[in-house]
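Biologist: I would like to learn how to read salt bridges. Could you walk me through them, please?

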Amino acid sequence: MARPGKTRCVGSMPRCIRFTASGSPRNGINLTVEEFETIRLMDYSGMTQAECAAQMQVSRATVQSLYTQARKKVARFLVEGTYLDISGGDYTICGRYSRSRHMKIKEEKGGHIMKIAVTYENGQIFQHFGHTKQFKIYEVKDGTILSSEVKGTDGQGHGALASLLLGFGVDVLICGGIGAGARNALSEAGIDLYPGAVGEADAQVASFLDGTLSYDPDTMCSHHHGHGEEGHTCGSHGCGGHGHH
């Protein structure tokens, strides 16, 4: 008797499930939810195959097979200009948040504690990551904020802040503008980044938790003033959020 396949763990359902070029559902392409998840985790979030496998709680061979199928289907959709829908498969929704690269989310009383950091000034999201003097750090369990605390940066800036956040045990950063070097440092630290956010810090964290945070994953800072990286055209002054969720 064949052993039943293992259900794949998926962080959340896709926001868009139907894409139409010139085709129709009758002759369209179906992408399963778990195939979509491999695209999201590896191509969008930048995870390795091993990290994706750990996130989905399956083997690397399974991830490789799903990912290969998914890429072929997406390529067909782009080249043939047909109809694509995302549905079906063998999966379980395991929570909307991806765990960071070093699995810093700790077990406590059967649940997970997540730490979310926000660049912080006078209650607002500070719009230049590399120059922020404070982070407000929130501890969250099961979508509920347990506590929050404002921590200083001790004069550190730019890419060095990633190490500071790693030391705080942060899993997610919400910020305004941010340069390429700091992005890379955060990626190496395994901290999930949501840049281009503006507004009151507490409200934006609440929006993140209910899945409605407005941010721009392509937000950058561009000026050069001796640090070789970030600039004054940041956040709402030139590279701020514009409605990604």
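Modeller: Gladly! A salt bridge is a side-chain nitrogen of Lys or Arg within 4 Å of a carboxyl oxygen of Asp or Glu. Side chains of opposite charge can pair when their charged atoms come close. This is a predicted model, where local features need pLDDT of at least 70, side-chain atom pairs count only at pLDDT 80 or more, and totals for chains, interfaces and linings use all residues. Residues are numbered from 1 along each chain as its sequence is written, and side-chain values use heavy atoms, leaving out hydrogens and water.

Biologist: How many salt bridges does a search of the whole structure find?

Modeller: The search finds eight. In one of them, K136 pairs with D202, with the closest N and O atoms 2.9 Å apart. K136 lies in strand β9 and D202 in helix α6 (residues 201-209), so the bridge ties together parts 66 residues apart in sequence. Helices (H or I, at least four residues) and strands (E, at least two) are DSSP runs, numbered from the N terminus.

Biologist: Is K136 buried or exposed?

Modeller: Buried means under 20% relative accessible area, exposed over 50%, and partly exposed in between (1.4 Å probe, protein chains only). K136 is buried at 10%, while D202 is partly exposed at 33%.

Biologist: Which residue forms a salt bridge with E35?

Modeller: That is K73, and the closest N and O atoms are 3.0 Å apart. E35 sits in helix α1 (residues 33-44) and K73 in helix α3 (residues 60-80), 38 residues apart. E35 is buried at 2%, whereas K73 is partly exposed at 21%.
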